[in-house]
Amino acid sequence: MSSDSSDRSNEITVVHLMRHGEVHNPDGVLYGRRPGYHLSGLGREMADRVAEHLAGRDITHVVASPLERAQETATPVAASHGLDLATDGRLIEAENIFEGKTFGVGDGALSRPANWKYLTNPFRPSWGEPYVDQVVRMMGALNAARDAARGHEAVCVSHQLPIWTVRSFVERRRLWHDPRKRQCTLASLTTFTYQGDRIVSVGYTEPARDLVPSHLLSGAKPVKGKAKAFGA
């Protein structure tokens, strides 16, 4: 084996998978892949906070889902490092049959019998993009970011459900889960450290935790009239 190949196999690359900040969503709908949903004022503050948190890191590549909220979250990070923002469609939100519907406690889509036919198989899941498909595309996006930032760090801005799904895969957990127990709050960082091409550790931080409304934190009890927009 050449010295170059040996060096590459031991090279450390860090990929931060970031969830976007809070979205302006006064109607409390599951917006999914729908266009037109932008960060709220608080969401922009979250994005700025994470950019400050990452300012001293060796970031050489920033990429985001094509959806507006992800692009707007990634922009301050890219700007703080003098980088152009790239887009990768594989980082997009999971497809969901309930897009455009509300999920408030007692007044949402799940209380309507017409929607129950979509809830037959939580293991796939039957209401949206299969978990396995999410893993395939998200691993592709992570590996592409790794390759773009070899020996340095990259930031990929995506959405809650795809982030949690790919983390579960890497950590060898089952892919189906209780959405209330996802550890992936707004503007959080799920960090994958690669040695060469292999992921050797996964970390999790919440640089903007103090800005996140309490009902949106992981494990928070539902509040009537306040949808958590799982998977956003």
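**Strands and a helix**

Analyst: Strand 5 is mostly covered, with six of its seven residues buried. Buried means under 20% relative accessible area, exposed is over 50%, and partly exposed lies in between (1.4 Å probe, protein chains only). Helices (H or I, at least four residues) and strands (E, at least two) are DSSP runs, numbered from the N terminus. This is a predicted model, where local features need pLDDT of at least 70, side-chain atom pairs count only at pLDDT 80 or more, and totals for chains, interfaces and linings use all residues. Residues are numbered from 1 along each chain as its sequence is written, and side-chain values use heavy atoms, leaving out hydrogens and water.

User: Which strands does strand 5 join by bridges?

Analyst: Two strands pair if DSSP finds at least two bridges between them. Here, strand 1 and strand 5 run antiparallel, joined by seven bridges; T13 has Y194 of strand 5 as its bridge partner. Strand 5 also runs antiparallel to strand 6 (residues 198-205), again with seven bridges, and T190 is partnered with Y204 in strand 6.

User: Which residues of helix 2 are buried?

Analyst: They are G43, M46, A47, V50 and A51. These sit on the same side of helix 2, because they cover an arc of only 140 degrees around the axis (taken from the directions from the helix axis to the C-beta atoms). What covers them includes strand 1 (12-19), helix 3 (68-80) and strand 5 (189-195).

User: How many disulfides are there?

Analyst: A disulfide is a covalent bond between the sulfur atoms of two cysteines. The search looks for cysteine sulfur atoms within 2.5 Å, and finds zero in the whole structure.

Definitions and conventions
Contact means heavy atoms within 4.5 Å.
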